[in-house]
Amino acid sequence: MAIKTITKYICSECGHVTTTKTGKCPGCNAWGTLEELPEAPKASNALKNSPHVKIISSLDVKAPERISTGIEELDRVLGGGLVPGGVTLIGGQPGIGKSTLLLQAAGSVAKNYNAPVLYISGEESEAQVALRASRINTASEKLFLYSGSGLEDALSNLDREKFSFFVLDSVQAMTIGNETGWPGTISQVRAVAQRVIDCAREKNIPAVMIGHITKDGKIAGPMLLEHMVDTVLNFSGEGYSSYRMLRAVKNRYGSTDELGIFEMQEDGLAPVSDKSGLYWNRDDSAVAGVAMTIALEGNTPLAAEIQTLAARTVFPYPRRTARGIELNRFQLLTAVIDRRCNISTNSHDLYINVAGGLSLQDPSADLPSCAAIASALKNLPLKAGTCWLGEVGLAGEIRPVTRIDLRLKEAARLGFHTAVVSSKEKIKFAGIDTLRVSHIDEALAGLLVKS
Ligand code: TYD
Ligand code: MG
């Protein structure tokens, strides 16, 4: 007996599927939206016949070839350099140094590969870019500048010669002929980005687009923009500091764990290689309330100095102030010290600060914070040359942290001789003495120096 096929209908608004054709969709109540659903092909046939379906293991895999930007920190964040045909979007606050970084990269690709590079500037005049190029000493025979906001006109220059790389500064400043609206409107930004992506793919050269960000830190324009490109980088820094952080938010060609640090100098951005030195002054004079730790920013270990001050309170409710550590976390750790170590905290105002403006999210900062709080309250310094790595639970127990070997290696490199860690930690690295503890009380015993 032949099986009767049932016609199905799908709503073009909400995707609701039904077997009776009605005027109104039962799913979303929209009128006249039901259409006949085409019958799905049988799975086995579809697999055999479709030219687009392939067995993954039969595909030829080659690591993408990379073009070095000549800036090691940038290459590392990109996952090893620029990828031909790949498009990167870099966002950051105005004045952070996006144009400077990309002009430096464009200049060094042009010089190192001796191949033409095009820098398209829709924001600054020729004179402004030229002045900056000479200031950062990046001008070369092969570095070309297009100043103007017509995208088609700018990209047409790429047909003249075989270019090796191009930069678009910025995606919000360009217009594309057949789109209406001011530069920076959603439809313009989308069309400009799509055209840049098509151009990079077609010519098989890497491209970087600079993007403005909105007040809440997102790249201005459609959210789609971040989905369209291969890599999204975020360039940030604190207003008062000359240090700049570069992180990958999305990377189709590498990890998003790397952190690049630069310092803005007179002649452009200089890479910072000793990152731990940034937040740590290496002054070993033992002061009560100071504990050292090695935090992780992605894959980068950074030495951090946690400082606590305890001052006798004049208020009925003692103050708790935190910078660089979440206030709730600080209050919780203070309560742990009070209850589990029998150190009274309620007659003191407590302030905690991570030196250098670093913000620690990592739970490994719990143990050094507790050590700093106890040291401040007892007014006794902690043993010098010691760093603290551990998460602290409500019962006062010390838990292991992630990537302990990487952190210990950095601690040893910086000259620490002892690390206080959880007794449950599995350690391979042997270059530093470890003190294994299972409870906060145990961790503090003997490490507070009696005067
Ligand atoms: P810029 O690259 O124009 O920032 P963005 O493109 O992200 O808006 O950088 C602007 C700031 O950098 C400016 O305030 C001056 C400073 N700067 C230096 O300190 N040294 C330099 O060599 C350069 C080129 C800029
Ligand atoms: Mg700029």
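Q: What makes a run a helix or a strand in this predicted model?
A: Helices are DSSP runs of type H or I with at least four residues. Strands are E runs of at least two. By that count the protein has 11 helices and 21 strands.

Q: Where is Arg403 placed on this basis?
A: Arg403 is in a loop.

Q: Why is Arg403 called partly exposed?
A: Its relative accessibility is 45%. Buried requires under 20% and exposed requires over 50%. Arg403 falls in between, so partly exposed is the term.

Q: What is the phi of Arg403?
A: Phi is near 45 degrees. That is a positive value, in a residue other than glycine.

Q: Which loop holds Asn379, and what is its phi?
A: Asn379 sits in the loop between helix H9 (366-378) and strand E17 (386-388). Its phi is positive, about 55 degrees, and Asn379 is not a glycine.

Q: Does Asn379 count as buried or exposed, and why?
A: Exposed. The cut-off is over 50%. Asn379 has 59% relative accessibility, so it passes.

Q: Why is Gly79 placed in the class it has?
A: Its relative accessible area is 32%. That lies between the limits of 20% and 50%, so Gly79 is partly exposed. Gly79 belongs to the loop between helix H2 (72-78) and strand E4 (87-92).

Q: What does Gly79 contact beyond its sequence neighbours?
A: Leaving aside residues within four places, the partners are Arg66, Asn251, Tyr253 and Gly254. They qualify because contact means heavy atoms within 4.5 Å.

Q: How do you know whether Val192 is buried or exposed?
A: The relative accessible area of Val192 is 0%. Buried means under 20%, so Val192 is buried. Its place is in helix H6 (residues 186-203).

Q: Which residues does Val192 touch?
A: Leu151, Leu168, Val171, Met174, Thr175 and Ile176. Residues up to four places away in sequence are not counted.

Q: How far apart are Val192 and Val129?
A: The separation is 22 Å, C-alpha to C-alpha. In sequence they are 63 residues apart.

Q: What is omega for the peptide bond from Asp169 to Ser170?
A: Omega is near 0 degrees, and the bond is cis. Ser170 lies in the loop between strand E7 (165-169) and H6.

Q: Is Gln104 buried or exposed, and why?
A: Buried. Gln104 has 15% relative accessibility against a limit of under 20%, so the term applies. Gln104 is found in helix H3.

Q: What is Gln104 in contact with?
A: Its contacts are Ile71, Ile136, Thr138, Gly268 and Leu269, leaving aside neighbours within four places in sequence.

Q: Which residues come nearest to ligand 1?
A: Gly95, Ser99, Thr100, Arg132 and Gly268, of the 16 residues around ligand 1. A residue counts if one of its heavy atoms lies within 4 Å.

Q: How do you know that the backbone of Gly268 makes a polar contact with ligand 1?
A: A polar backbone atom of Gly268 is 2.7 Å from an oxygen atom of ligand 1. The limit is 3.5 Å between N or O atoms, so the pair qualifies. For a backbone N or O atom of Glu266, the distance is 2.9 Å.

Q: How much of ligand 1 does the protein bury?
A: Ligand 1 exposes 560 Å² when taken alone, and the protein buries 73% of that.

Q: Which elements give two or more residues to the shell around ligand 1?
A: Helix H3 (98-113), helix H4 (126-135) and strand E11 (259-265) do. H3 gives the most, with 3 residues. By class, the shell has 4 nonpolar, 7 polar and 5 charged residues.

Q: What radius of gyration would a compact globule of 451 residues have, and what does the protein have?
A: The globule would have a value near 22 Å. The protein has 29 Å. Its C-alpha atoms fill a box of roughly 85 × 75 × 50 Å along the principal axes.

Q: How many of the 451 residues count as buried?
A: 46% of them do. The protein exposes about 23300 Å², and carbon and sulfur atoms supply 51% of that area.

Technical notes:
Residues are numbered from 1 along each chain as its sequence is written. Chains are lettered from A and ligands numbered from 1 in the order in which they are written. This is a predicted model: local features need pLDDT of at least 70, side-chain atom pairs count only at pLDDT 80 or more; totals for chains, interfaces and linings use all residues. Side-chain values use heavy atoms; hydrogens and water are left out. A polar contact is a pair of N or O atoms within 3.5 Å; within protein, one must be able to donate a hydrogen and the other to accept it, and residues adjacent in sequence count only if both atoms are side-chain atoms. Accessible areas come from the Shrake-Rupley method with a 1.4 Å probe; for residues, only the protein chains shown count as cover. Ala, Val, Leu, Ile, Met, Phe, Trp, Tyr, Cys and Pro count as nonpolar, Asp, Glu, Lys and Arg as charged, and the others, Gly among them, as polar. The radius of gyration is taken over C-alpha atoms; the globule rule is 2.2 Å times the number of residues to the power 0.38. Buried means under 20% relative accessible area, exposed over 50%, partly exposed in between (1.4 Å probe, protein chains only).
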